[in-house]
Amino acid sequence: MLTYEDIRPSRRGLLGLAAAGLAAATLTAPARAAKVATKARIVIIGAGAAGTAMANRLIDRLDGAEITLVDARAEHLYQPGLSLVAAGLKPASYTLSKTTDWLPSGVRLVSEKAAAIDPVAKSVTTEGGTRLDYDFLIVAPGLVLDHGAIPGFSLDMVGSNGIGALYAGPEYAAKTWDAARKFTEEGGVAVMTRPTTEMKCAGAPLKHAFLVEDIASRGVGAGKYEVHYAAPQGALFGVPIVAEKVRMLFGQRGIKTHMNHKLLSIEPGQKRATFEKTEIDSVTKTEVKSTVEIPYDYLHVIPPQRAPDVVRQSGLSWADKWTDQGWVECDQKTLRHLRYPEIFALGDVAGVPKGKTAASVKWQVPVVEDHLIAAIEGREGVETYDGYTSCPLITRVGRAMLVEFDYNNNLVPSFPGVIAPLEELWISWLMKEVALKATYNAMLRGKA
Amino acid sequence: MKELTLQTLIAVFEEMFGRGLFWALVAVAVVVTGLYLYVLIRDRALSMRKFLWAQLSMPVGAVAAVVFVQKITSSGFRDIGGPIDVVVVLGIATLGAIGMAILVYTAQSLFRSKHG
């Protein structure tokens, strides 16, 4: 019988191994630059993903700076989790924490809404009348969901009458699942919509359609339900190669698409949604608009989205772009305001193409940090943001496509050759399900 | 991911399990591995009998690890979508198998009389 007498580990060998491990760990710890001494007053409007991550990073880099966060909300929302809540995969509490849980000591939190910004006098005034003068301002208040823009719809309908609206927050996402679950158990017609404006995470309406279809296929079963996807855009996704892939998947799954359909109003009593359909007349080549009514058993509403009033009224918005939405005028690569160099925009409110996601924030924050600290030190920053956005596009409970892209619609996979961006994979689902919130939290703390 | 450093990974794992549980799990892994090395050095040989039991337990550890991951992520074997997914399943199974084998071997060495 074979014995393993020749395998004789020694104490010395073991100690050597431990020493080598320790040396490796020391080597991989990144060298931290000395803190920059400054008396700069930095005001950050918004304690969401961007504002919180920024505050944590600045505290680590600056010594003596006066950093003030302005946000009235006591709750911090993990918004990437809302699609999971609205599909019954996570409870509403999964997305909830306290704003103060994430703030470093040394940052002052003013728990009030910012009411006015004066970019000339360099001051922010809160609703309570507190005036905060700044040397640098970071505008990161997020965006506003304009639910009032859809006649017939109001938030109190969510969860009953077959109406869902998962963007409206954790509680509404959970109610959305109440309405969606009924559809997946009883069947009928589901209608998914999208607004004409820019929006948070343009993949979320697709995820909701995919998830509801998947759950219905396992629930009520084939032949007893239909899923329709209606959007005012001409394509299913902003990145053409992804749009084509989604078109193919919708085809395979039997999800019917209605492109160039803008949700005008709903009649909850009759369970009927009215859309404005835009077509190009084949003879005159002009736009022809008509009204289309689609009956539904389940309707998912995503309202138009705009910059908060405080931003739109302060003269920080683009004058010639997104005039109905008011996103902050800033350089695409540095997120610095084009007219007020001491102002930066971060997150949803930034007037850049694409990128209203937490993944964008993760890549934007270090860029703004670099340029802000460079400005304090009297030099030019070097980091640039290329429009990176990531979307774990869930296609089934258990599968997703890890789609990552930039301003130029190029796919920029993090794991090229290993995780294929346009394949429905379990590993991409695992990332969304297990690693994403952890990465998000680490980002909030300025650690990722 | 922009930069995947050891520090980032640790931060992510801390958030995934909670800081306390993560370091407790690391401690358990280190202690079990340490005990395994300890019994190897103490006995100055691998015991074939204990190793046989350890080997027999490996498939159990492999299946348990895969089912555990599927359970906590609401997914199943139907979600395997490409080659990398097969690699991930095999990886999880391998880790489960090795972990179980080390655990079983160490437990026997520590708690069974020395006839093995």
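Modeller: Happy to! Domain 1 of chain A and domain 2 of chain A bury about 1700 Å² between them, 69% of it on carbon and sulfur atoms; buried area here is the accessible area (1.4 Å probe) that two parts lose on being put together, summed over both. Of the area that domain 1 of chain A buries against domain 2 of chain A, 29% is supplied by Leu82(A), Ser83(A) and Ala86(A), more than any other three residues.

A word on the basis: this is a predicted model, in which local features need pLDDT of at least 70 and side-chain atom pairs count only at pLDDT 80 or more, while totals for chains, interfaces and linings use all residues. Residues are numbered from 1 along each chain as its sequence is written, chains are lettered from A and ligands numbered from 1 in the order in which they are written, and side-chain values use heavy atoms, leaving out hydrogens and water.

Domain 1 covers 36–143 + 307–377 of chain A and domain 2 covers 147–305, with bounds from an automatic or database domain assignment. Contact (heavy atoms within 4.5 Å) links 21 residues of domain 1 of chain A with 21 residues of domain 2 of chain A.

Between the two domains of chain A the count is one salt bridge, meaning a side-chain nitrogen of Lys or Arg within 4 Å of a carboxyl oxygen of Asp or Glu. The side chains of Asp348(A) and Lys200(A) also meet in a salt bridge, at 2.2 Å, N to O.
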